[in-house]
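Please open the model in a viewer and keep the selection panel at hand. The tour goes from stop to stop, with a selection at each.

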Amino acid sequence: MAKLKGAIVVNTERCKGCDLCVVACPSEVLALSNDANSKGYNFSFMEREDNCTGCAACANVCPDACITVYRVKL
Amino acid sequence: MNVKDIINPANLVYEKTTVMNDTPMHYCPGCSHGVVHKLLGEIIQEMDIQDKTIGVAPVGCGVFAYKYLDIDWQQAAHGRAPAVATAIKRLLPDRYVFTYQGDGDLAAIGTAETIHACSRGENIVFIYINNGIYGMTGGQMAPTTLPGMKSTTSPKGRDEKLEGHSLDMSKLLMHLDGVCYVTRQSVHTVASVRKTKRAIRKAFEYSMMNKGASVVEIVSTCSSGWRMSPADSNTWMEEHMFPVYAMGDLKDIE
């Protein structure tokens with residue numbers, strides 16, 4: 001089976017740091033940043049980017065539609 | 001292959017629907033409203049009905065829905081969205097008309113409008129967001145509040161002897177002849193988000209087949225009103241809301 005590798009881009013200004021994507025990620029890729037955006041929210045980012053399979057679980061549950069998902073077959 | 005190589009338009013899997021604009025949403029972090037807005041945008045984009053859809057915004061947190069989805073909107077007085085939607089659908093039968101209402105709007109002040117619009121069999125879609133409290137005004141007890149659930153106006157928990165039982169609108173509406181589809185869904189996991197999307201799409205399709213009214217209830221969280229984190233709210237919803245408001249289709253006339 002081909003291996004899938006993914007990556008996401010978080011719209012950090014739109015992100016409210018609700019943590020739901022971190023909980024939803026089956027590969028534990030995401031975490032909340034120690035940095036904050038202009039509104040003071042700790043936005044989410046790819047902490048373990050090698051684990052991402054591009055399943056888009058994070059993007060599906062994101063209430064603010066901040067996440068764009070990309071995926072390639074290796 | 002590193003992340004920069006993967007991030008390329010050719011490898012795109014998921015992006016924000018273009019029906020939803022870039023205005024930052026006023027909802028609290030983790031609010032279910034955002035997911036439902038997103039689903040509506042995705043369905044409208046997939047069905048290519050952006051210029052044929054008219055939404056009716058409620059009073060409540062969802063009142064600003066018109067700011068975020070680029071379709072035609074009308075804002076109705078508190079609870080009167082079904083009456084306004086009835087008029088729009090009767091005058092413009094070729095449009096997809098839906099109301100977007102919370103439980104304070106649909107199940108409290110607008111109960112009469114909801115029941116009569118459903119009883120008349122108006123070909124409209126009800127998107128009903130049920131989080132069990134009045135979220136916008138500060139978390140007061142609503143008709144849908146669970147027995148024993150704490151709110152700002154029931155600090156010791158809802159007492160059924162004094163305040164009555166929780167009102168299950170979907171169970172009530174499914175018995176009306178004018179209603180073709182009643183379903184109860186949630187948006188807290190990936191699977192439930194996908195199911196809800198299919199349900200809303202089906203309701204939109206039924207409304208254009210003139211089958212009658214469709215009700216899509218979405219059991220939601222209100223992390224600010226419930227005084228919990230968004231993740232804890234989802235767990236609490238699974239443990240406490242789902243036994244009272246069971247998931248699944250209640251009526252589907254096919």
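**Before the first selection**

This is a predicted model, in which local features need pLDDT of at least 70 and side-chain atom pairs count only at pLDDT 80 or more, while totals for chains, interfaces and linings use all residues. Residues are numbered from 1 along each chain as its sequence is written, chains are lettered from A and ligands numbered from 1 in the order in which they are written, and side-chain values use heavy atoms, with hydrogens and water left out.

**Stop 1: where the chains meet**

Colour chain A and chain B separately. Here 31 residues of chain A are in contact with 35 residues of chain B; contact means heavy atoms within 4.5 Å. The size of an interface is often given as the accessible area lost when the parts come together. For chain A and chain B the buried area is about 2600 Å², with 66% of it on carbon and sulfur atoms. Buried area is the accessible area (1.4 Å probe) that two parts lose on being put together, summed over both.

Select A:Arg14, A:Asn60 and A:Tyr70 next. These residues of chain A lose the most area to chain B, together 24% of what that side buries.

Which elements of chain A give two or more residues to the side that touches chain B? They are β1 (4-10), α1 (20-24), α2 (57-61) and β4 (67-73). Helices (H or I, at least four residues) and strands (E, at least two) are DSSP runs, numbered from the N terminus. The most comes from β4(A), with 6 residues. By class, this side of chain A has 20 nonpolar, 4 polar and 7 charged residues. In this count Ala, Val, Leu, Ile, Met, Phe, Trp, Tyr, Cys and Pro are nonpolar, Asp, Glu, Lys and Arg are charged, and the others, Gly among them, are polar.

A salt bridge is a side-chain nitrogen of Lys or Arg within 4 Å of a carboxyl oxygen of Asp or Glu.

**Stop 2: a strand pair across the interface**

Show β4(A) together with β1 (residues 12-14) of chain B. The two strands run antiparallel and are joined by 2 bridges; strands pair if DSSP finds at least two bridges between them. Within this pair, A:Val69 stands opposite B:Tyr14.

**Stop 3: two loop residues of chain A**

Most residues other than glycine have a negative phi. Select A:Glu28, where phi is positive, near 55 degrees. A:Glu28 lies in the loop between α1 and β2 (30-32) of chain A. Is A:Glu28 buried or exposed? A:Glu28 counts as exposed because its relative accessibility is 54%. Buried means under 20% relative accessible area, exposed over 50%, and partly exposed in between (1.4 Å probe, protein chains only).

Now move to A:Ala56, with a positive phi near 70 degrees. A:Ala56 is in the loop between β3 (44-46) and α2 of chain A, and is buried, at a relative accessible area of 6%.

**Stop 4: salt bridges within the chains**

Over all chains the structure holds 14 salt bridges. Select A:Lys16 and A:Asp64, which form one with their closest N and O atoms 3.0 Å apart. A:Lys16 is in the loop between β1 and α1 of chain A and A:Asp64 in the loop between α2 and β4 of chain A, 48 residues apart. A:Lys16 is buried at 11% relative accessible area, and A:Asp64 is buried at 5%.

In chain B, select B:Lys202 and B:Asp252, whose side chains meet in a salt bridge (2.6 Å, N to O). B:Lys202 lies in helix α9 (residues 190-208) and B:Asp252 in strand β10 (residues 248-252), so the pair ties together parts 50 residues apart in sequence.

Then show B:Glu42, B:Glu46, B:Lys197, B:Arg201 and B:Glu205, which are linked in a network of salt bridges.

**Stop 5: inside chain B**

Select helix α6 (residues 111-120) of chain B. Its buried residues are B:Thr111, B:Glu113, B:Thr114, B:Ala117 and B:Cys118. The elements they pack against include α4 (81-91), β5 (125-130) and β9 (213-219) of chain B.

End at B:Thr144, in the loop between β7 (140-141) and α7 (160-163) of chain B. B:Thr144 counts as buried, at 0% relative accessibility. Not counting residues up to four places away in sequence, B:Thr144 touches residues including B:Asp103, B:Tyr128, B:Arg158 and B:Tyr245.
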